[in-house]
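Please look over the two chains shown below before reading my notes. The points are brief and can be checked one at a time.

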Amino acid sequence: MKISFKKVASIAVSTALVTTGLVAAPAIAATKNLTVETVFQLTSTDPARSFEQTGNMINRALYETLLTYKGGDASTQVPGIASKWSVNAGATQFTFTIDSRAKFADGTKITSADVVFSLNRLKNVKGNPSSLMNGITVSAPNASTVVLTTEKATPQVLAIVTSPALGILNSKVVKANGGSDAADANTADKALEFLKTQSAGSGPYVLSSFNLTTEVVLNKNTKYWGAAKAGYDKIIVRNVPVNVQRLNVIKGSSSIAVDLSPDQATNLGNKVNVVTGKASNVFFFYLSQNSTFSPATKFTADAKCIEAVRYGINYKKIVRYAGLGAIQAPGIIPSFFSGALSQKDAIVQDTARAKTAFDACGIKDTPVSIGYWGDGGAVNGLNFGSLAALVEEDLRAIGFKPKLTGAPIAVSLPLYRDNKEEMGLWLWGPDWPDSTNYTESFSPGTKVGLRMGWAAGSDSVITNLQTQASTETNAKKRAALFTEWQKEMNKRSPLIPLVQPAAILVANKSVRGVQDHPIWKVNLSEIK
Amino acid sequence: MEPVLGKQGLKKRLLSGTGFTPFIVRRLLTSILLVIGVTFISFTITQLVPGDPVAANLGQSAYSDPAIVAAFEKEFGLDQPVPVQYIKYLGNLLQGDFGVSLSSKRPVIEDLREYFPATLEIAAVAVFLSFFVGLFLGIVSAITRDKLPDQIIRVFSLTGVSMPAFWTALTAFYIFFFVLGWAPGTGRLEPGGEPPANVTGLFTIDALIAGDFDTFKQAFSYLLLPAMVLAIYAIGVLTRFTRASILEILGNDYVRAARAKGLPEYLVIRRHVLRPALLSIITVAGVAFASLLAGSVLVENVFSWPGLGQYAYRAAIGLDLPGIMGVSMVVATVYIFMNLLVDILYRVIDPQMKDSK
C-alpha cells in the first residue's frame, strides 16, 4: 500500500495538535498531593551525606532527630525522638531519653543503638555534615538512654542535634544494606545508593522515589507514631527554575514556590500567599578584607583602611536594592539569634570619616580587587554582581580604586576559601541554629577569620569573648557575651556585615502551615 | 574463482581498499582515535580551570576539616598527580568504567544511562521535526522566491537561527503553558507520575512497549513543546540552506530543459533539483542535528527536563571531572556518529563516490 506524503503529514500534525490540546496543566486540588518547587540543592537523601538546603528540607520529613524545632522557630528545642533531656552544669554531658512510643516506618521500635549507629555513622563517613560531630562522643548506657559527651563546654549541642544530618536511621535495615558506623565508614559504608531508593527513618513521610535532577517523591508514613500526622498522601518536591516556579504557583500547578526573589513575589494574583518568616534574617552578606593577600601594601590589615571601607558604604542603598523584607546587618549574628544587635547598633555611613581614614591609610591609587560569585549567583533574589557594583561605587567615591573580579562559583569559592582574595563579597548561612556558629567561624584563628588572614591571637579581647560565649550556659549571660563580641567585631574586625535579605515563600492559599526555617527552609511535615 | 586472501591480505584490504566495508572500518578506527583525543582535550581543559573540585563540592565546615578533605580527595583519586589521574582514567575507560561522579556519587555510566535517553527522546523528535519542516519550508521558499510566502519563511528562519535557545524556551513556555494552557508544564510526566517500566529509557517507547497508552499520551504531550523549541534553530538553518541550494540548482540548464520538455513542476523539483541539492543539505543537517545536544542544556533547564544537558550543567558547576568527561565522550560520539552517517549517506545518494577513499 502506498501512503502519500500528504496523508502522513496530516496524521502527524493532527496527532500533535490533538495531544497538546487535550492535555492541559494537571490539576492539584482533587488529590491530596502537595507539589513544592525549588531549585535543587541536593546530593542525596542520606542524612550522613546531605547538607544542602533541599536535602535538609526532605530529610526533615523522612528522619526524626533527638530534638527539633516547631514552625519557623530555631531558638527553643522541642522533643523529637527524645522525650526528655538534661545537660550537666559544665555543658559537657547531654543525656537524652528516647520516647518509648517512637518507632520507625517499618514498625520497629527505636532504641539507643539506632541513635549511636546513626551519629557514629555521620561522624565516620566523613561527608559534608560530618564536622557537626567534631568533638562529640556518643554512648548508650541502656536501650532508652543516649549520652553525648564533649571535652569542653559545648552548650550548642542541643542546637546541633536538631540538624537533619543527625536524623536517626533504622540501624538493622541500614546495616543490612551496606551501612557502617565503624571508624573506616568513609570507605566501608555502602548504604548511600540504598538510601536514595528508600528511607529508613521514623518521620511522617517515607521516600517513594529519588531523582537528582527532577523530583523527589515522599509518601505518607502510615505507621507514624507521633501526634503530628502527615497532612498529605504524597509530597512531590520538584526541581524547577525560579521563573517557571513563579508561573506554576500563579497557575496553581504547584502549591509552594521556594525561591522567588522579592521582585518576583509581587503581582502574583489572588490565589497565593506570600510568606516572609522570621528566618528571613538568618543569612547575611558581608565584605571581608584579607590582610595576608597583599603583603606589599597590607592595606587590608591597616585599621584606617578598614575604617574607610566600613564608613564609606551606603548601607541604606544596599537595603533598598535587596527589596522586600531586607534589613541592614547590624552585626555578624543575624537578628534571628540570641545576642543579635539591634538596628540602632548598625554602622551608619559617614563619608567624611571614611575619606579621612582613606587619606590616613596611605593606599592612594593602588587598585583593590573584590572577588565574589560572579556568574549570576544570587541568594533570595539578591545578586552578588549587582551588590558588588554598589560596593564598588561607594568605595570609589571615597578614593579607593576597586576592581571587581567576580567568577563562576566553582572558581571564586575556592579562591576565597583558600585565602586568595584581597577583598571578598560573600554570604553566610548557619550550619546549626545557634550564635556560636558565628562566633566560632568569624573570630581570629577560626575558618573565616583565617580566610581574612586574621590569625589566632590577633585580637585577645574578641577571642576571650568568643571563648566565654562558647562555654557559658546561662542564656542571658550568653546573649550579653554575643552582643559584646559583635560590638568589638564592628570596631575593628576586617569583616563588614552588609545586609540580611528576606527569605520569601509563596504558597497557594489552600495550603496551611507554611513557615520559613533557617535550617530546613520548609517543614514539610507541618504543612496541612 | 576469487583468490583466497590470507590474514595480512584481508587486513590490508580492510584498511586500504576502496569498497564500502574498508571505508567503514577506516572511519571506525579514526573515530576511536578521535574519542581518545576528546578525552585528552577535555581532561586538559578541565585541569586548566582555576577551580578546586574539593571546595566546589564540600560545605564551609567540611572544607575546613582536613580529615574530610583528605577522605574526599582519596575517594575520587584527586590526591594523585594529574598525569596519573589521566592514565588511570584511560585505563578504566577501556574496561567500560567512566569513574564515579563527584556530584551524584555514583558511577558516571549509570548517570549517562539515566540521562541520555531523556535527551535522545526530545532530540529524536526535534530531528524529525526539523528535517521535514526545514526541508519543506526551504523548498517552498525557493520556488516562491521573493513572493510573500518566501518573505514570511525567511523572517521565520532568520528568527530561528537568531533567537537564543533559553529565550525561545521561556517565551514558548509562557505562551503555550501559562497563557494558552495548551502545554502541560515542565518535566517528563506530571508531578509524581509513575514512569513506564524501563526498557529503552525513552518514556514514549517504553509506554508503548508496556501497552500503557495513557502514559504514552502524557509523555508525548510533555516532550512536544521542548522538542519543538529545540528544533527551531535546526529548522532555521535547514530552511535557509535548502533554499540557497535549490535556488542555485534551479538556474542550471538541465532544469530549464526539464521544464521546457513539459515535465510537471513537482517532478522537476523532485527529480532534477532535490536530488542534487540533497548532498549539501545532508552535510548541514548532520552538523545541525549534532548541535541539538548543545542547545539541550538551556532548553532542558527551562523545561526541567532531566537529560544530559542538565547533567552537564550540574557537572560543570561542581567541577565534577568524571561527569564532565562522560558528557564530553557522549557528545563527541554523537558528533562522530553523525559525521559517519553523513558520509555513508553521501555514498548511497551519489554512487560515483564509491571509488574514492
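This is a predicted model: local features need pLDDT of at least 70, side-chain atom pairs count only at pLDDT 80 or more; totals for chains, interfaces and linings use all residues.

1. Residues are numbered from 1 along each chain as its sequence is written, and chains are lettered from A in the order in which they are written.

2. In the interface, 48 residues of chain A are in contact with 51 residues of chain B (C-beta atoms, placed from the backbone, within 7 Å). On the chain A side, H13(A) gives the most, with six residues (helices are DSSP runs of H or I, at least four residues, numbered from the N terminus). That side has 19 nonpolar, 19 polar and ten charged residues (Asp, Glu, Lys and Arg count as charged; Ala, Val, Leu, Ile, Met, Phe, Trp, Tyr, Cys and Pro as nonpolar; the others, Gly among them, as polar).

3. Within chain B, the axes of H9(B) (residues 165-179) and H13(B) (residues 265-302) come within 8 Å and cross at roughly 30 degrees. H9(B) is therefore roughly parallel to H13(B) (angles under 35 degrees; over 145 is roughly antiparallel). Residues that meet here include B:Phe166 of H9(B) and B:Leu298 of H13(B). The contact divides into eight nonpolar, one polar and no charged residues.

4. H2(B) (residues 20-48) packs against H15(B) (residues 321-349) at about 155 degrees, with the axes 9 Å apart. H2(B) is therefore roughly antiparallel to H15(B). Their contact has twelve nonpolar, six polar and three charged residues.

How values were computed: Axes are lines fitted to C-alpha atoms, for helices over the stretch in contact, and angles run from 0 to 180 degrees between N-to-C directions. Helices (H or I, at least four residues) and strands (E, at least two) are DSSP runs, numbered from the N terminus. Angles under 35 degrees count as roughly parallel, over 145 as roughly antiparallel, 65 to 115 as roughly perpendicular and the rest as oblique. Two residues are in contact if their C-beta atoms, placed from the backbone, lie within 7 Å.
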